[in-house]
Amino acid sequence: MTSSVVVLAVLGLSACESLLRQPAETAAPAAQGPGAAGDPHATRIADLLLEAGDAFDDDRLTTPVDDSAYLIYLQILSLDPENVAAERGIADIVERYLEWAISNAGEFNLRKATDYLRRAASVDPGHPNIAAVSAMVEERRRAHTVFHSLPRDALRSRNAAAVDTLRDIGNQISATGASAVIVARSDAEGRWIYQQLNASAEARVRAELRFGETPGVRLIYPSPD
């Protein structure tokens, strides 16, 4: 969804997201050499790669343990220890868990974020992106935050009470140097909230826009030196 809101990620969230690549589509390796098309070993690996891809698409990453993408990729590697597609598939599992960790940390669902980090590390503890995402989650955990909920009806009508509340929050941002996470039900609602915050703030508000059913503004206060 395209938004004209100036959204600046805080606490390294965007930096962590940029580390993660999009999972590549898993495909069976092309048969090579005479007679490869009839090789039952190669056929078995090709079938397993398709099964693993289906499990990944269904988010059966490591559970259920007896029908997960991870288990199937391990089976492939037991047949072909240098299978590139299986190695890539395992890396994709880790990266999907890290994406979920980042998303939940951004919404301050830190228990879920930590669980997804744990699952990523259980698959590949040496994956290079785990440390960065773990640091971001820990920084969110240490942050002092306050959530200001906003009445749905007041936002819908954009009445004077909603304007006054948001401008008071904008004044708090100016006084404390806090950044903000705007939770809105739509892009238009989020842009309007952001405009009201900036109407009273002394400098442009640093904010993230997230979508949810409970609209409000979460202030994230700077950590003391």
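Predicted model: local features only at pLDDT ≥ 70, side-chain atom pairs only at ≥ 80, totals over all residues.
Student: OK. How far apart are N and O for R60 and D67?
Tutor: 3.1 Å, N to O. That is within 4 Å, so the two side chains form a salt bridge.

Student: Is D67 buried or partly exposed?
Tutor: D67 is partly exposed, because its relative accessibility is 37%.

Student: How many salt bridges does the structure hold?
Tutor: Eleven. One of them joins D187 to R191, with the closest N and O atoms 3.0 Å apart.

Student: Where do D187 and R191 lie?
Tutor: Both sit in helix α9, residues 187-200. They are four residues apart, about one turn of the helix.
Student: And which residues are joined into one network by shared partners?
Tutor: D58, R60 and D67, through salt bridges.

Student: Back to D187. Buried or partly exposed?
Tutor: Buried, because its relative accessibility is 11%. R191 is partly exposed at 27%.

Student: What about R185 and E189?
Tutor: Their side chains also meet in a salt bridge, 2.6 Å from N to O. R185 is partly exposed at 26% relative accessibility. E189 is buried at 9%.

Student: New topic. Which residues gather in the patch of negative charge on the surface?
Tutor: D47, E51, D54 and D57.

Student: Where is D54 found?
Tutor: In helix α2, residues 40-57. D54 has a relative accessible area of 48%, so it counts as partly exposed.

How values were computed: Residues numbered from 1 in each chain as written. Heavy atoms only, no water. Patch = residues over 30% accessible without salt bridge, like charges linked within 9 Å, V, L, I, M, F, W, Y side chains within 5 Å. Areas by Shrake-Rupley, 256 points an atom, 1.4 Å probe, with all protein chains shown as cover. Lys, Arg positive; Asp, Glu negative; His and termini not counted. Charge placed at Lys NZ, Arg CZ, Asp CG, Glu CD. Helix = DSSP H or I, 4+ residues; strand = E, 2+ residues; numbered from the N terminus. Buried < 20%, exposed > 50% of the residue type's maximum accessible area, 1.4 Å probe, protein only.
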